[in-house]
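Welcome! Please take a look at it, and then read on.

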Number of protein chains: 2
Amino acid sequence: MEGTTMNDRIKSLPLGNVTITDSFWSGYTRLVREVIIPYQWEALNDRVEGAEQSFCLRNFRIAAGLEQGEHHGAVFQDTDVAKWLEAVAYSIETHPDPQLESAADGVIELIAGAQWEDGYINTYFTLIAPERRWKNLTEGHELYTAGHLIEAAVAYYHATGKRRFLDVMVRFADLICDVFGEGEGQIHGYPGHQEIELALVKLYRVTGERRYLDTAKYFIDRRGHKPNYFKEEIQRQDFKSIFGELKDYDPAYSQSHLPVREQESAVGHAVRAMYMYCAMADIAWEYREEELMRACAGLWKNITQKRMYITGSVGSSAFLERFTTDYDLPNDFNYSETCASIGLALFGLRMARMNRDASYMDVVESALYNTILSGISSSGMEFFYVNPLEVWPASCMEHTSRQHVKPVRQKWFGCACCPPNITRTLASLGQYIYGADDRTLYIDLFIAGSAKLELEGQPVTVLLETEFPWKPGFKAHMSLEGGSPVGLALRIPAWAEDYTIRLNGQAVADYRVEKGYAMLEIQAGESTVEVDFSMDAKLVYSHPAVRANVNRMAIVRGPMVYCLEEEDNGDRLCDILVEEGAQLEEQYEPQLLGGIMTVTAPAYRIADDGWEGKLYASIPMQLEPVVLKAVPYCCWGNRRPGEMLVWVRKK
Amino acid sequence: MEGTTMNDRIKSLPLGNVTITDSFWSGYTRLVREVIIPYQWEALNDRVEGAEQSFCLRNFRIAAGLEQGEHHGAVFQDTDVAKWLEAVAYSIETHPDPQLESAADGVIELIAGAQWEDGYINTYFTLIAPERRWKNLTEGHELYTAGHLIEAAVAYYHATGKRRFLDVMVRFADLICDVFGEGEGQIHGYPGHQEIELALVKLYRVTGERRYLDTAKYFIDRRGHKPNYFKEEIQRQDFKSIFGELKDYDPAYSQSHLPVREQESAVGHAVRAMYMYCAMADIAWEYREEELMRACAGLWKNITQKRMYITGSVGSSAFLERFTTDYDLPNDFNYSETCASIGLALFGLRMARMNRDASYMDVVESALYNTILSGISSSGMEFFYVNPLEVWPASCMEHTSRQHVKPVRQKWFGCACCPPNITRTLASLGQYIYGADDRTLYIDLFIAGSAKLELEGQPVTVLLETEFPWKPGFKAHMSLEGGSPVGLALRIPAWAEDYTIRLNGQAVADYRVEKGYAMLEIQAGESTVEVDFSMDAKLVYSHPAVRANVNRMAIVRGPMVYCLEEEDNGDRLCDILVEEGAQLEEQYEPQLLGGIMTVTAPAYRIADDGWEGKLYASIPMQLEPVVLKAVPYCCWGNRRPGEMLVWVRKK
């Protein structure tokens, strides 16, 4: 049933072939199975006391005619169910759970029951405005919702081999391919929130049905051509707004300001942008289209060289959750949505795999180890949507410009995009670790565990040992059951220094490096590869055009960004100054936050002497020596609420 | 007709008794007469091509039955007319203009024609929702609009001696006193936007009618008592929202969260707060109430020691144009509305005059010389509503969090509170310069011109010569026509150093200082007082708790705050670093911006070397020596659009 074979692209291994036994990550992946998926199941069923109601499953029951009532929740409420099903699929692929699978099967029947005769699925439009189907692409999120359902169905098919959900979504996808396109009587539009495009590519890859791919490409090709579809739609007599205030619609918000191939800067709503770039990469690959690939590479460069936080997050403007302009990276009132970092990781993964270029994985790694993990509490029950790099709780007031910045993680919400997105990301972590083509295994992330695959037609297993990210380096045991040698590509992170490889105890000095990968040949039988590098904590600056960070430095160690918390340093973190050459000390603290590496450094604190009752004055700055202590950014906000700061001021 | 006599309070001189012939200010006051008032007249009449329509006078004509049509514009659109009339009144009091007075008389007849039988005036409710009069105090702005009309009527009576407008507003004020109060059948409410209170005090002072004062006090006393009036009003069955989204109404927004005497911090919408504090000060004075006076002093202290920008502006949050928390003073996405600085000056003037305390005038002076002037362009045709202390034009994008920050002043708008507020402030500048009681003349601001008054029952004239703010010091020639000596109180600004006084050529060493005033005795006949002080440009810090300004310094000279502009320093002002002890040089540049004192200093610029294509890296900071050049903040944005920065980073 597989579509084209793509020997010349690296592909992720099936999740079922990857096992994670990592001391850093296993805590999170266990949380997903044991806490988050069950908790979200209760939430979807409106059984969490004290939490806002989700209405998700009730909407489907009503739409399926099984219950009386009205639709509640957002226009895209169905996606909470979709993302939960997708996470469940990934989870049972690695950790079978018949009870959970049975619950998922029940939900799938609900979805099937809510499907129209013609294939259409969407509880909002079904229950509230069936006559307005496809008439508000600007705000309606029908194609976005369809995309998440299709992603879930593909994942569920991969996990269980059951076709039921896939068949339901194939009927919906067929409808979408009928409704949208260049033909007469078809809608010459595209989604207000991208997502369907990458989902249709997945559906094509699993079914081999070419029209799904073509329709995905149609959406990508059509987008941004003049006149703007949304601007026209909003003007139509029968248009009825869902959210209001559209007279001043900005096409850049939905990346429909220009044909996608002409887009050189990441603009507009960050999640919309990321999902679109993923689809652009997929389409560029499937059609082997260089122009589209160049556009992807240009957008990636713009993001990572001018519009990305050091924590691998994007979206500087809270208003409209969007990109702003080059080097505009404020730390204390940014948005940096968790979902946008997930999108960035998904885009980077596609770029890495099809370009066979390890540099993309540096960004993917940063997004995963910093912002995506920051998005979830150590208990797995609270979440950040917004990921600031500087928090002063007193200023994060309701009814002010900083009300979107939360100093503590929030519980599950009625409208919650990020929590289930984190869940599906953690549940599918395996896809980021390894890649492979027919002959070579790529090791991209240093996460302990094992994998099995076929290379040169023979079974291969790899066992990866590491204490990364606390200790540098890793050991990979390869076991080849056949007689042919195979390739092994080891990612050399940009942040790694003194990178050395030993193969079966022998130093390998003359290995080839291809786009950031050390390329080795592994012979039949058992082999052990030991990789060492150093990743001492260090101070970094931002490009001098980043206004927010001028005269400030951040502490990084490998992919981990560090931050100061009030718990360790007292309040007014703003008054701590550090010197450019300050000596950083690392210490593993097993009792702190589940065991982390902390960093300390000699620093100074500005004294208040003479300032009583004054606000502005010519009082010479007085400094007192202190020792600053930094913890990994991903762990912040798991102790008493307080201030947090990534970019420390320079003495 | 004057109400109580208040011998023990300093009062401003009638504007007609004050002449301004100041090289710094006359340009602005001439603009008001020759450009702004005529331009705003055209705007109110919808005769400005290319500008949004005002509808102001048309609304009144329709309400008066002189024209057919519908109401257009904001719920408080009538206040544009009121503020224009108030400015006209001040202008003709100092510079009679029969043609202008005739136009104003015509407008006053329109207002009279739009008045209901029972005295009510408001074109929005008259034309759109007469049945909802007084039913939406939360948003309706009826009392706010009434207040501005009353202020205009009082000013017009002072200027012309004509009672027509005053009589019209007396009828409206009588209605308000009937409608609101503790009595049965009265509304136990208070305005959603304060303004009526201070207006009723003015009306009481001019008419002697006690019930206006009592109703003003009623509004002040009632405010903030539980249950909250607005929260209750919003819940009523017949309530109909004007702006929408009120379910989460925050009483602090309108300073109705606590009884006013219990308020210790400046909170909520900044203009609402300032107008309320003015009224609190007025009522405290009129009733000689110490508790209310203490509340005023506490709020003043909180504002000026913890919540005020160095430029004399307030309101850190653009969202809801409001205060946030102590020391939260961001520079690049604040609001700092021009109207709020005007309110701060009005509050400070009241506090200075009734406390006979010069320190209040330091803040009034800062608001006037920095933010209020920054609010208007050198042409008089463009305005800033928002007054940032740091502007990077590329980041001030529409549809983002910084869209409220405008890098260039804007033209007159359909809904425009600040432009006419600046106009009435500049037209009434005379009230800030001098104060007097029965025996002593107070000189508060150093603005060249003259004044006539009575002290000890005898005519006195004062002629003030100065080139302030460019040169320090001033000369005052006093002329007493009678035989009694009188008092002269000279404000000693907090920023002045080496303050010396010479009386008729003789140094005065032993003068008494009372709350920041040097107290002199002036004998009959002619006297000359020469005051010298130094006000060298200097670098100041903020209190170390002001996060936004840590490790940064601002240049000030006397009351003038300086800023760097791109025009003089190139872009990326963020990369300019200055040392704590840097030597500042002052130079008067007659050709620049109409003649200003500029300040230069040796500084450094962070170089870009090695940063090509990088966003975060361990590249040691490289500095190149440069000379920074600063111009007065009030002049910024009058050349080519570009970056602007007040708080320069420290080397």
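In general terms, a disulfide is a covalent bond between the sulfur atoms of two cysteines. How far is the sulfur of B:Cys339 from the closest cysteine sulfur? The distance is 3.4 Å, to the sulfur in B:Cys418, and that is too far for a bond.

B:Cys339 is buried, at a relative accessible area of 3%. A:Cys56 is buried too, with a value of 1%. Here, buried means under 20% relative accessible area, exposed means over 50%, and partly exposed lies in between, using a 1.4 Å probe and protein chains only.

## How to read this model

This is a predicted model, in which local features need pLDDT of at least 70 and side-chain atom pairs count only at pLDDT 80 or more, while totals for chains, interfaces and linings use all residues. Residues are numbered from 1 along each chain as its sequence is written, chains are lettered from A and ligands numbered from 1 in the order in which they are written, and side-chain values use heavy atoms, leaving out hydrogens and water.

## Chain A as a whole

Let us step back and look at chain A. Its secondary structure comes to 17 helices and 24 strands; these are DSSP runs numbered from the N terminus, with helices (H or I) of at least four residues and strands (E) of at least two. The C-alpha atoms of chain A fill a box of roughly 75 × 75 × 50 Å along the principal axes. For 651 residues, a compact globule would have a radius of gyration near 26 Å, and the 25 Å of chain A agrees with that. This radius is taken over C-alpha atoms, and the globule rule is 2.2 Å times the number of residues to the power 0.38.

Of the 651 residues in chain A, 63% count as buried. Contact means heavy atoms within 4.5 Å, and among the contacts in chain A between residues at least 6 apart in sequence, 71% join residues at least 24 apart. The accessible surface of chain A is about 22,700 Å², with 48% of it belonging to carbon and sulfur atoms; areas come from the Shrake-Rupley method with a 1.4 Å probe, and for residues only the protein chains shown count as cover.

## A buried alanine in chain A

Now for a single residue. A:Ala199 sits in helix H8 (residues 196–207) of chain A. Is A:Ala199 buried or exposed? At 0% relative accessibility, A:Ala199 counts as buried.

Setting aside neighbours within four places in sequence, A:Ala199 is in contact with A:Gly147, A:Ile150 and A:Glu151. A:Ala199 and A:Ala153 are 46 residues apart in sequence, and their C-alpha atoms are 9.8 Å apart in space.

## Two strand residues in chain B

B:Val578 belongs to strand S18 (residues 576–578) of chain B and is buried, with a relative accessible area of 1%. Not counting residues up to four places away in sequence, B:Val578 touches several residues, including B:Met553, B:Pro602 and B:Leu628. From B:Val578 to B:Ser534 there are 44 residues in sequence and 23 Å in space, C-alpha to C-alpha.

B:Thr600 is part of strand S20 (residues 596–606) of chain B and, at 24% relative accessibility, counts as partly exposed. Beyond residues up to four places away in sequence, B:Thr600 touches B:Gln583, B:Leu584, B:Glu585, B:Val627, B:Leu628 and B:Lys629.

Most residues other than glycine have a negative phi, and most peptide bonds are trans. Where does a cis peptide bond occur in chain A? A cis bond joins A:Phe468 and A:Pro469, with omega about 5°. A:Pro469 lies in the loop between strand S7 (458–465) and strand S8 (474–480) of chain A. In chain B, the peptide bond from B:Phe468 to B:Pro469 is cis, with omega near 5°.

B:Glu456 is not a glycine, yet has a positive phi of about 50°; B:Glu456 lies in the loop between strand S6 (449–455) and S7 of chain B and is partly exposed at 39%. B:Asn504, not a glycine either, has a positive phi of about 50°. B:Asn504 lies in the loop between strand S10 (497–503) and strand S11 (506–508) of chain B, and its relative accessibility of 45% counts as partly exposed.

Note on methods:
A disulfide is a pair of cysteine sulfur atoms within 2.5 Å.
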